[in-house]
Amino acid sequence: MNDALDELPLSVDRRATTPLAVQVADGLRTAATAGRLRAGDRLPSSRALATRLGVSRTVITAAYDQLHAEGWLSGRHGSGTYLSASPAPRPERHPIAAEPDPEDTHLDLAAGAPCVEAIDRAAWRRAWRAAGDRIPLARRDRAGDAEYRVAIAEQLLRHRGLGAGSDTVVLATSGASDAVGELAAAVLRPGATVAMEDPGYQRAVGAFRAAGVRVLPVPVDGDGLRVDAVPAGVDAVYCTPAHQFPLGARMPAARRVALIEFARRTGALVIEDDYDGELRYDTAPLPLLATLGPDVVVHLGTTSKILSPVLGIGWLVGPPRIAEAVLAYREFTGTGPATTGQHVVVELARHSDLARHLRRLRREMPPRRAIVVDELRCRGFDVVGDDAGSHVVAPLPSALAERRVIAAAWRRGVLLEGLSRHHIGPQHTFGIPLGYAAVAREDLPAAVRVVAECLVRAGHAGQESAGIG
């Protein structure tokens with residue numbers, strides 16, 4: 001089987017209205033168009049791909065037949081199916097469901113959404129009005145609004161213990177995923193390799209691969225990324241040490257030091273994604289990697305998990321050489337973060353509304369987490385993940401168990417996702433990441449009861465649920 005195909009984030013979504021065969025064909029077609037598959041690459045047999053995706057063989061056969069008809073594939077007698085050298089143009093096709101249904105009433109328990117219910121609406125409106133009163137800019141600073149960068153530096157110092165001095169530079173970004181893409185294009189360049197947690201954050205995987213950077217999966221355990229398993233010769237290591245996504249482990253101090261020593265010894269760059277680092281409410285946070293190794297670490301953060309993704313902004317803190325490369329890339333491509341979201345954060349910080357919001361979140365998250373944990377444990381299920389962030393994981397023994405629980409919960413009005421979508425290579429860890437931030441507090445108990453009942457009905461209670469080692 002083709003190694004390149006093994007690394008593709010090819011999956012199917014049984015909840016979508018698009019037929020499974022169309023999803024598979026779209027995924028392979030997109031991979032070919034993006035250059036992840038190349039002319040002459042051999043595709044797996046319909047049986048092998050059906051087993052990998054957990055679908056019937058007829059689904060894969062239908063997808064291959066469609067791609068054959070479009071000219072993307074060719075068969076060689078006795079040797080399999082291959083990507084053609086000259087694929088035909090993709091026919092026009094109207095999507096069945098291009099946008100989510102705004103009338104959808106499913107309760108969202110998927111991981112990764114912020115707790116917008118905790119936002120002070122009066123402070124939110126005041127910040128947006130003040131941002132709108134600013135004089136429009138004729139040109140923007142590609143490093144980010146100066147006041148925004150100061151506000152972020154102060155927040156990082158106060159809430160994360162990271163001081164930005166002469167050896168580091170703070171830049172505004174359009175969010176963590178966008179920052180990963182900029183680092184991949186401006187610093188790592190095509191052909192570079194990056195080691196990454198598996199399971200891990202798939203949007204970062206996509207950003208790396210879109211820039212031509214090869215992603216190498218590294219296993220995680222109860223302490224996060226296994227530094228001893230990082231391959232030799234990598235150009236960078238991407239990790240989420242404060243709250244590993246999606247399994248929720250916190251990297252201990254000794255392992256953080258080992259990672260910094262590895263980077264200095266090998267010349268690798270460490271990319272620290274602190275996506276929800278402000279949501280630590282059980283113990284004091286450990287020192288950031290960027291604090292331990294400011295010379296070899298780029299620290300990324302975002303407002304998407306602590307406020308709302310509508311702001312579309314984040315930050316990057318790194319050595320001057322990294323900041324200069326990113327700014328040169330932005331100048332060359334004409335890109336850079338939008339200013340309105342930065343201005344909103346500045347106004348929130350100006351009136352101390354941002355600090356109050358973070359304190360409110362730290363009070364709000366523990367009782368929400370307790371609702372989830374108590375309900376599952378009283379049903380005989382354990383949970384995985386530190387007392388931090390906004391999600392935990394309910395372990396399961398197989399991908400089939402994941403699909404059964406997700407489908408059953410969907411039928412009862414609850415949106416879930418499985419760990420299957422978070423793997424870089426073949427899935428080896430199974431479970432349901434349960435987010436407890438997006439749902440209104442009053443709806444959370446009922447939603448969690450639905451999930452617990454679906455787990456029980458799937459027949460995976462007690463010891464059988466130990467799908468995460």
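**Helix packing and salt bridges in a predicted model**

The model is a predicted one, in which local features need pLDDT of at least 70 and side-chain atom pairs count only at pLDDT 80 or more, while totals for chains, interfaces and linings use all residues. Residues are numbered from 1 along each chain as its sequence is written, and side-chain values use heavy atoms, with hydrogens and water left out.

Helix H7 covers residues 176–188 and helix H8 residues 202–210; the two pack at an angle of about 30°, with their axes 8 Å apart. Here axes are lines fitted to C-alpha atoms, for helices over the stretch in contact, and angles run from 0 to 180 degrees between N-to-C directions. Helices (H or I, at least four residues) and strands (E, at least two) are DSSP runs, numbered from the N terminus. H7 passes H8 in a right-handed crossing; a crossing is left-handed if the near helix is turned anticlockwise from the far one by less than a right angle, and right-handed if clockwise. On the H7 side the contact (heavy atoms within 4.5 Å) is made by Ser 177, Val 180, Gly 181, Ala 184 and Leu 188, and on the H8 side by Arg 203, Ala 204, Ala 207 and Phe 208. These residues of the contact of H7 with H8 divide into six nonpolar, two polar and one charged. In this classification Ala, Val, Leu, Ile, Met, Phe, Trp, Tyr, Cys and Pro count as nonpolar, Asp, Glu, Lys and Arg as charged, and the others, Gly among them, as polar.

The axes of helix H6 (residues 146–160) and helix H12 (residues 339–350) come within 9 Å and cross at roughly 50°, which makes H6 oblique to H12. The crossing in which H6 passes H12 is left-handed. From H6, Glu 147, Tyr 148 and Ala 151 meet Gln 342, Val 345, Val 346, Ala 349 and Arg 350 of H12. By class, the contact of H6 with H12 has five nonpolar, one polar and two charged residues.

Helix H14 (residues 399–411) packs with H15 at an angle of about 135°, the axes being 9 Å apart, so H14 is oblique to H15. H14 and H15 have a right-handed crossing. In this contact Val 405, Ala 408 and Ala 409 of H14 meet Val 450, Cys 454 and Leu 455 of H15. The contact of H14 with H15 has six nonpolar, no polar and no charged residues.

Turning to charged pairs, the count comes to 24 salt bridges, each being a side-chain nitrogen of Lys or Arg within 4 Å of a carboxyl oxygen of Asp or Glu. Glu 117, Glu 364, Arg 368 and Arg 441 are linked in a network of salt bridges. Glu 364 and Arg 368 are separated by about one helical turn because they are four residues apart in helix H13 (residues 353–378). Glu 364 is buried, with a relative accessible area of 15%, and Arg 368 is also buried, at 0%; buried means under 20% relative accessible area, exposed over 50% and partly exposed in between (1.4 Å probe, protein chains only).

Glu 364 also forms a salt bridge with Arg 441, with 2.9 Å between the closest N and O atoms. Glu 364 lies in helix H13 and Arg 441 in the loop between strand S15 (431–435) and helix H15 (444–457), so this pair ties together parts that are 77 residues apart in sequence. Arg 441 is partly exposed, with a relative accessible area of 33%.

A further salt bridge joins the side chains of Asp 387 and Arg 369 (2.6 Å, N to O). Asp 387 lies in the loop between H13 and strand S13 (391–395) and Arg 369 in helix H13, so the pair ties together parts that are 18 residues apart in sequence. Asp 387 is partly exposed at 35% relative accessibility, whereas Arg 369 is buried at 10%.

For the chain as a whole, the secondary structure comes to 15 helices and 15 strands. Buried residues make up 50% of the 469 residues.

How values were computed:
Angles under 35 degrees count as roughly parallel, over 145 as roughly antiparallel, 65 to 115 as roughly perpendicular and the rest as oblique.
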